[in-house]
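Subject: Structure for you to look at

Hi,

Here is the structure I promised to pass on. Please open it first, then read my notes below.

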Amino acid sequence: DLFSRNPCNIYVFEPVKIYSDQLKKRFRNNKSIKVFDFGLSGRTRKEEIALLGPGSSIFRGINKGIKSEMSSINLKDIDEFINEKSIDQIDLLKLNIEGGEYELLPRLIENGLLSIIKRIQIQFHEISDNSQNEREAIREQLSKTHECEYSYVFIWENWVRKDLIK
């Protein structure tokens, strides 16, 4: 939908093979949309993911008492990916990564990478008793470089880099 309204380069990260294969097939004729068969994270590693459709997560499943099929996935450090691809600007970073935001965003913050991101859309998830505190700590750091345009707690929030606000 985004591409149809505003043609641009889009990177899609889908670590679950069956879903990444579907996305690759869907966008095979669009050179501007690149699908990667790994997820972005705060560090590179392999994980087990509970396959729960749009709620698939490494933070749900066996540990939470939910019966689900498990799959092995690859996660890549976002800092490594940005450096490998020589990315110096991101217009929109949309994060709906089922709890992974609590690792990925601090990695961006600690490496000073927020400055290359114009807009950040985040869906924070409640994955532990400490999720609210972790969310607030991240929001405090984000507020140093970005301004929150809207926030629906644990639904969606949008942040805009301060130098873009008129």
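Predicted model: local features only at pLDDT ≥ 70, side-chain atom pairs only at ≥ 80, totals over all residues.

A search of the whole structure finds 14 of them. The general idea is simple: side chains of opposite charge can pair when their charged atoms come close.

Now go to Arg135. Its side chain meets that of Glu157 in a salt bridge, at 2.8 Å from N to O. This pair links distant parts of the chain: Arg135 is in helix α5, Glu157 is in strand β9 (residues 156–161), and they are 22 residues apart. Arg135 has a relative accessible area of 2%, so it is buried. Glu157 has 1% relative accessibility, so this residue is buried too.

Arg135 also forms a salt bridge with Glu136, again 2.8 Å from N to O. Glu136 is partly exposed, at 35% relative accessibility. A salt bridge joins Glu136 to Arg139 as well, at 4.0 Å. Those two both lie in helix α5, 3 residues apart, which is about one turn of the helix. Arg139 is buried, at 18%.

Next, the helices. The axes of α4 (residues 101–110) and α5 (residues 131–142) come within 10 Å and cross at roughly 25°. That angle is under 35 degrees, so α4 and α5 are roughly parallel. The crossing is left-handed.

Last, the surface. Tyr150, Tyr152 and Ile155 form a nonpolar patch there, with about 310 Å² of accessible area together. Tyr152 sits in strand β8 (residues 146–152). Its relative accessible area is 51%, so Tyr152 is exposed.

Best wishes

Key:
Residues numbered from 1 in each chain as written. Heavy atoms only, no water. Patch = residues over 30% accessible without salt bridge, like charges linked within 9 Å, V, L, I, M, F, W, Y side chains within 5 Å. Areas by Shrake-Rupley, 256 points an atom, 1.4 Å probe, with all protein chains shown as cover. Helix = DSSP H or I, 4+ residues; strand = E, 2+ residues; numbered from the N terminus. Buried < 20%, exposed > 50% of the residue type's maximum accessible area, 1.4 Å probe, protein only. Axes fitted to C-alpha atoms, helices over the stretch in contact; angles between N-to-C directions. Parallel < 35°, antiparallel > 145°, perpendicular 65-115°, else oblique. Left-handed = near helix turned anticlockwise from the far one by under 90°.
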